Amino acid sequence: MTETTRSGFVTFVGRPNVGKSTLTNALVGEKVAITSDKPQTTRRAIRGILNRPGGQLVIVDTPGIHRPRTLLGERLNDLVEQVLGDVDVIGFCVPATEKVGPGDRRIAESLDGYPRARKVAIVTKTDAAERAQITDRLLEVDGLREDWDAVIPLSASTGRQLDVLSDELLQLMPPGPALYPEGVVTDEAIEDRVAEIIRECSLEGVRDELPHSIAVVVQEIAEREDSDLTDVYADIVVERDSQKAIIIGRKGARLRDVGAAARGQIEALIGARVYLSLHVKVAKEWQRDPKQLGRLGF
């Protein structure tokens, strides 16, 4: 990376479920942030690293900005505020498939609070939209602010225009050397990445408020001395006994499905065969309890 001329931090903002995590993964070229059709899936500031010929982008994936209903929601919004105050560029995301609404306008206006950061508007999910929809979104988004450095339509799923976005972001970064060694794609600890994989698999197919009530804690990752297996012990934490029953499923069928899906991804991540032991625990109303939030890492 001796030829690096620019480096810095970018984060993507927008309403929940506009494709921020999918965009992060597509730019990095590897899955560093979990994705789901459930809103507010992301709960931490996850850094993905993209190396380009002209420099290095550090992409900070954050929770979606929303009106909080719990103490967890308040802390996630506080996390977003902190990240926005630190990054060099903010990418404001709007899906091409949905008209710009009051939530989008509120978030766009809130960017006034971060005068140091350059701002780019991104119209996502163009692969799922008609050409007329994309044109309408571009016009709507362009009119939200007068200080966009660029307005870019793209599809993270197909890769269309991703190079255009990364080149534009890099040009907006300050001059400087790489912030991470070449070959590093994230600074996430392996335990955190494993916990997120399990949570993503646990989210599949659940309904209503249950996604917000699920947390995962990895208790141990250890290689067996007499085997090529790696043991992973983790707890899936929910808020009520009724939720525990949903996660486990009839005769444990759903929990086995979660374990099978997660184990495959964990094996790919760590490059070894895995024995995965999952236990479901109840922590009453943990989203609203400061002590429980602290134990769960929020």
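Predicted model: local features only at pLDDT ≥ 70, side-chain atom pairs only at ≥ 80, totals over all residues.
Along its principal axes, the C-alpha trace of the protein chain spans about 55 × 45 × 40 Å. The radius of gyration of the chain is 20 Å, which agrees with the value near 19 Å that a compact globule of 298 residues would have. Of these 298 residues, 51% are buried, and if we take the contacts in the chain with a separation of 6 or more, 72% of them are accounted for by residues 24 or more positions apart.

Six strands form an open sheet, and reading across the sheet gives the order β2-β3-β1-β4-β5-β6, with mixed pairing. At the edges lie β2 (46-52) and β6 (150-153), each of which pairs on one side only, and neighbouring strands of the sheet are turned against each other by 25° on average, with direction ignored. Within the sheet, β1 (residues 6-13) and β4 (residues 89-95) pair in the parallel sense over four bridges, and phenylalanine 12 has glycine 91 in β4 as its bridge partner.

We now turn to a pair of helices. Two packed helices are described by the angle between their axes and by the distance between those axes. Helix α6 (residues 190-203) packs with helix α9 (residues 253-270) at an angle of about 145°, and their axes are 9 Å apart; the crossing of α6 and α9 is right-handed. Among the residues that make the contact are Ile190, Val194, Ile197 and Ile198 of α6, together with Val258, Ala261, Ile266 and Leu269 of α9. When the residues in the contact of α6 with α9 are sorted by class, 12 are nonpolar, two are polar and three are charged.

Finally, the backbone of two loop residues deserves a look. Most residues other than glycine have a negative phi. Glutamine 161, however, has a positive phi, near 75°, and lies in the loop between β6 and α5 (162-172). Glutamate 285 also has a positive phi, near 50°, and lies in the loop between β9 (273-282) and α10 (290-295).

Methods: Residues numbered from 1 in each chain as written. Heavy atoms only, no water. Axes fitted to C-alpha atoms, helices over the stretch in contact; angles between N-to-C directions. Left-handed = near helix turned anticlockwise from the far one by under 90°. Contact = heavy atoms within 4.5 Å. Nonpolar A, V, L, I, M, F, W, Y, C, P; charged D, E, K, R; others polar. Pairing = 2+ DSSP bridges. Rg over C-alpha atoms; globule rule 2.2 N^0.38 Å. Buried < 20%, exposed > 50% of the residue type's maximum accessible area, 1.4 Å probe, protein only.
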